[in-house]
Amino acid sequence: MPQGQWEAASSIGMTRSQTLRRIILPQAIYISVPPLANSFISLVKDTSLAATITIVEMFEVSQQIAAENYQPLIMYTLVALIYAVFCSLLTIGQHYLEKHSHRHLNKTVGGA
Amino acid sequence: MWEIVTTSLPQLIMAGIKYTIPLSLISFALGLMLALITALVRISKRVKNSKLSKGSLIFTFGYFVQHHY
């Protein structure tokens, strides 16, 4: 955040906490939500790696079921579809979060 | 085939809700905390030129290299 934002806020008599709450944080949230949400979605997919240390998460359960019924292709396809649905839902949530986080911006910014 | 799908789908979804989502949330929260601490150390004036700030840079860089390569 430019230092000028803090100076402008203090020039109109805002306290530090008011500046943080009303000016700095909305802009910081607007900037940080997309990469953080992307990281979270990647993290959901990366949790399948926990199966290598025998944490019984979704991928490990699918491996166990595949070992029982000898149908790995079906099981892994099913798990892939479930991960795809999870990530799609998170992407929709990300979209609404981004829309909510920049509602304070003037609609004419960048437009005619 | 559909029998396998219908019998295993509830187990997979339950495992996802019980383990995958909490694991993601906990990892995300821990990562955010670490990132916040690292960022605060980097911008702190008191520890600006100390070994701690240089160490945090090495730690952050090492994590980035490990995570992306």
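The structure is a predicted model, in which local features need pLDDT of at least 70 and side-chain atom pairs count only at pLDDT 80 or more, whereas totals for chains, interfaces and linings use all residues. Residues are numbered from 1 along each chain as its sequence is written, chains are lettered from A and ligands numbered from 1 in the order in which they are written, and side-chain values use heavy atoms, with hydrogens and water left out.

**View 1. The fold and dimensions of chain A.** The C-alpha trace of chain A spans about 70 × 35 × 15 Å along its principal axes. The secondary structure comes to four helices and zero strands, in the order α-α-α-α from the N terminus on; helices (H or I, at least four residues) and strands (E, at least two) are DSSP runs, numbered from the N terminus. Of the 112 residues of chain A, 27% count as buried, a term that means under 20% relative accessible area, with exposed meaning over 50% and partly exposed in between (1.4 Å probe, protein chains only).

**View 2. The interface of chain A and chain B.** In this view 22 residues of chain A are in contact with 20 residues of chain B, contact meaning heavy atoms within 4.5 Å. The two chains bury about 1800 Å² between them, 87% of it on carbon and sulfur atoms; buried area is the accessible area (1.4 Å probe) that two parts lose on being put together, summed over both. A:Phe40, A:Ile74 and A:Leu78 supply 25% of the area that chain A buries against chain B, more than any other three residues. On the side of chain A that touches chain B, α2 (16-46), α3 (58-69) and α4 (72-101) each supply at least two residues, and α4(A) gives the most, with seven residues. The residues of that side divide into 16 nonpolar, four polar and two charged, where Ala, Val, Leu, Ile, Met, Phe, Trp, Tyr, Cys and Pro count as nonpolar, Asp, Glu, Lys and Arg as charged, and the others, Gly among them, as polar.

**View 3. B:Thr20 and its surroundings.** B:Thr20 is found in helix α1 (residues 2-43) of chain B and is buried, with a relative accessible area of 0%. Leaving aside its neighbours within four places in sequence, B:Thr20 is in contact with A:Val44, A:Thr47, A:Glu57, A:Met58, A:Tyr83 and B:Ala15.

**View 4. A:Thr19 in helix α2 of chain A**. With a relative accessible area of 2%, A:Thr19 is buried. When residues up to four places away in sequence are not counted, A:Thr19 touches A:Gln5, A:Trp6, A:Ala9, A:Met14 and A:Ile24. A:Thr19 and A:Ala9, 10 residues apart in sequence, are 6.0 Å apart in space, C-alpha to C-alpha.

**View 5. A:Thr52 in the loop between α2 and α3 of chain A**. A:Thr52 counts as exposed, at 65% relative accessibility. A polar atom of the side chain of A:Thr52 lies 2.6 Å from the backbone oxygen of A:Leu49.

Methods
A polar contact is a pair of N or O atoms within 3.5 Å; within protein, one must be able to donate a hydrogen and the other to accept it, and residues adjacent in sequence count only if both atoms are side-chain atoms.
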